[in-house]
Structure formats: structure tokens, C-alpha cells
Amino acid sequence: MIVLAQAAVFWTAATVLLSWLLPRRLQMPAVAVSTCAFLAGMAPAALAVLAVEIPLVLWALPRIRRRGILAAGLAGLLAAALAGFKLGLRLPGMGALVVPLGLSFMTFRLIHLLVDGYAGRLPSCGTGDLLSYLLFLPPLPVGPIHRLPEFLADLRRRRFDGDMLGLGLERILHGYAKLVILRNLFILPVLVPALSGWARGTFRGDLLAAAGAWTDLYVCFSGISDLAVGYALAMGFRIQENFRFPFLAVSIPDFWRRWHMSLTLWCRDYVYAPVAAVTRRRFLGIAVAMVVIGLWHEVSLRYLLWGLYHAAGIAASHWLAERFRPWLPAQGRLARLLAPVGTLATLLFVLASIPVTSRLDAALRVLARHLA
Amino acid sequence: MHAFLCRHLPRPAANVLALLWYALLVAGILLCWQRNPAGFVYLGL
């Protein structure tokens, strides 16, 4: 469980001030030191893990070009470490492992560096720039998963800009309001209990409860993303957005282009593309990418099924779009009339993902007990 | 919000409305702090 306390919000605000008030050559090093101090205070375990993983990747990057075994080995090692924490492994002399703050997102960033370094897609930069990228506080705890090329471009042209600071402050205010006003005063005490109290135990009731859970998750996660994007803007960086009105999506692939976009894009580039390129099977790539997203949420049979459910939805959506493209207009009045139908169908499909996969999970467990 | 208001209203009216909106949000946040001064956000990822 990740806890973002008010102290974290104020610490990040102080880091924004540091990033402008110090002499220019000290600004980004000060941000990196502030990030380390933040982790030392809030999540020492995260700092300990990163103190091993970051130097390892920095050592490998100059040697990794076209050395597939090194890149795949290190990426596999980082993914295995994250999986170990997710699975709650027990080490001798220690209790069960818990995922340290920000480790998921740091693992994604490190794998991005390794894969793009192997492919020669990384812009040339020094260790200081890489540390500034990896130890950039706003998106560190819960994303978005920003990329090195965009970060370096902003780093090179970074100048104080009042308009950007204003945009950032507005974004921070909106994120904060989502979390403390909308969520704490309306969603948690009113909406979620109201939706989960109807027709309990039936599929319809579970669908309504899922609507409450998805709304809560959206407001909470998009509020935190607003804080990260806002703080980054206030520091002079435009980082990847995470949400773009996902519940207005007109199809299931469209939903995944709007929901937690930085993770979806990461999975497209580093899971879907390699699997599809090696196997020449597009739908296998979609299935593996969605299973990775599912298992990232929780390593369990239910989330494996959840990933496969969404993969089936995306595959069916692509198949239908290809089959009916000659008959369906891309623009015009009919397309505008059909868009709400697509939005409603997508919404129902997404909401049904929780009750459907929970029931499948329960059925598979019963079946396994009978067979055993 | 300010950019949105500027697109649809004359600049002075957009400025005033945006300021009122920000004041409302800040007041709401302060009210929530008063009710719950402890940590406020959790996200299980």
C-alpha cells in the first residue's frame, strides 16, 4: 500500500522552490538529493533497493548497445525483483516483502533505459542527466512513467516561465481538490456505499459496486497524476499525461489509450511490440501485454483472468472494426450517432470486468478443488 | 480552468471567475484539512 501524506505534498512543493532558487548548475542535483532525502524519510526500503538497481543500470548503459543478453538479463532481473516484492516473498531473517514506494514505476523507467539503450534509441547524455531523470521527485511515487528523451529536451531548454508555473499550480490545486474534496467528501462516504448497497450478490449489484470502485480509482489516481504533472510543470517539465476522459472512450482499445496512458504506452513499446515482432502474432502480443498489466495490479489468478478478459475485448474490438469498416462511416452524422453506443458498450464491458473475472476465478477454484 | 474560461469569456470576466473558482477550491481543501488533519490519500499499487 502506498500512502501519500500531506508531508509528501509539502516536501514536493519545497523541492519545486529549490529547483528555481538555487544557482542553475545546482538546481537538478538539489532535486535529486531532495528526492533521496524524501525516500529516506518516507520509504527507506525503496531507497535501499534503488541504491542497488540504479547504479547497476548506470553501469550497464554504456556497455549495452547491441548486447541482447546483457539487456535481457538485467531487464529480467529488475522484473523478477519487482515480482518478488509483489508476490510477498519471505527472505531468511526478514518478514514478507512489501513493494517499496515507487519501485513499480522505477522498474518501468529502468527497463525503458535498458531496452532503448540496447536499441540505440537513447539520446546521448551524462550520468548527471540520467540521475536527474531517475531521481525526479514529482512522478517518482506513483507515476506517470515519463521517458528520458522528452525529459532531456525539457532539461536543455528549461527556463523560468510564469505561464507554465501558473498552469502547474492550477493543476496541483485541481488534483488536490479531487483527492480531498471530491473523494473524501463525496465519493467515499456517499457514492461508493450507495452503489454497493443495491441488489447485493446479484450481477447487476456487482456491476453497480464496480461502477463505484472504478469512479473512486479514477478520481484518486487521476488526482495523484494531476499533482505529479502539476509539480513537474511548476519545475519546468512537461511529463506524460496519465488520463484523458477514459469513460468517454468509444471502444475498448480507445479506453486503454485514455486510461493510465503512460503504463499502456510502456506496455505497447516494451511488451506488445517485441512479442508481436518475434511471434508475428498481433493478438498474442495484446494478450501478453494485458496479462502483464493485470499481474502488475496484483499477482493472482483473478488478475490474470482480468488481463485476458481485456485482451479478448481489445482483440474482438479490432476484429469487428476490420470486418465492418466498409459499412461503418468514420465521420459524419451516422458516426456521431453511433459514438454514444460505443461509449456505453465500452463502459459496460469495463465495469463488467470485475464481476465477470471474480466469478470466473471462483468457478476455477471450485473446479480445481473437485479435480484434486 | 483559466484557459478554458479565457476561450469562452472576455478576459476580465474570465480572470474574476477563475479567481472565484480557485478561492472555492482552497476553501474546500482547508475545510477538509480541518475535518481530517491526518494523511488523506491511499492507492494500493
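Helices (H or I, at least four residues) and strands (E, at least two) are DSSP runs, numbered from the N terminus. This is a predicted model, in which local features need pLDDT of at least 70 and side-chain atom pairs count only at pLDDT 80 or more, while totals for chains, interfaces and linings use all residues. Residues are numbered from 1 along each chain as its sequence is written, and chains are lettered from A and ligands numbered from 1 in the order in which they are written.

**Helix α5 of chain A**

- Helix α5(A) covers residues 103–119, and its 17 residues should span 24 Å at 1.5 Å a residue, which agrees with the 24 Å between its end C-alpha atoms; the expected span is 1.5 Å times one less than the number of residues.
- Of the 17 residues of α5(A), 16 are buried, so the helix is largely enclosed by the rest of the structure; a residue is buried if 20 or more other C-beta atoms lie within 10 Å of its own, exposed if 12 or fewer, and partly exposed in between, with C-beta atoms placed from the backbone.
- After α5(A) comes A:G120, which has a positive phi near 75°.

**Packing of α3 with α5 in chain A**

- Two packed helices are described by the angle between their axes and the distance between the axes.
- For α3(A) and α5(A) the angle is about 5° and the axes are 11 Å apart, where axes are lines fitted to C-alpha atoms, for helices over the stretch in contact, and angles run from 0 to 180 degrees between N-to-C directions.
- That angle makes α3(A) roughly parallel to α5(A), given that angles under 35 degrees count as roughly parallel, over 145 as roughly antiparallel, 65 to 115 as roughly perpendicular and the rest as oblique.
- On the α3(A) side the contact is made by A:A46, A:V49, A:L50, A:E53, A:V57 and A:A60, and on the α5(A) side by A:L103, A:M106, A:L110, A:L113 and A:L114; two residues are in contact if their C-beta atoms, placed from the backbone, lie within 7 Å.
- Ten of the residues in the contact of α3(A) with α5(A) are nonpolar, none is polar and one is charged, where Ala, Val, Leu, Ile, Met, Phe, Trp, Tyr, Cys and Pro count as nonpolar, Asp, Glu, Lys and Arg as charged, and the others, Gly among them, as polar.

**Crossing of α9 and α14 in chain A**

- The axes of α9(A) (residues 203–234) and α14(A) (residues 333–371) come within 8 Å and cross at roughly 115°, and the two helices are therefore roughly perpendicular to each other.
- In this contact A:F203, A:D206, A:L207, A:A210, A:A211, A:A213 and A:W214 of α9(A) meet A:V350, A:L351, A:A352, A:I354 and A:P355 of α14(A).
- The residues of the contact of α9(A) with α14(A) comprise eleven nonpolar, no polar and one charged.

- Most residues other than glycine have a negative phi.
- A:R66, although not a glycine, has a positive phi of about 60°; A:R66 lies in the loop between α3 (44–60) and α4 (68–87) and counts as exposed, with 9 C-beta neighbours inside 10 Å.
- A:R280 is likewise not a glycine and has a positive phi of about 60°; A:R280 lies in the loop between α11 (261–279) and α12 (282–297) and counts as exposed, with 9 C-beta neighbours inside 10 Å.
- A:G76, in helix α4, is exposed, with 12 other C-beta atoms within 10 Å.

**Chain B**

- Chain B holds two helices and one strand, in the order α-α-β along the sequence.
- Of the 45 residues in chain B, 2% are buried.
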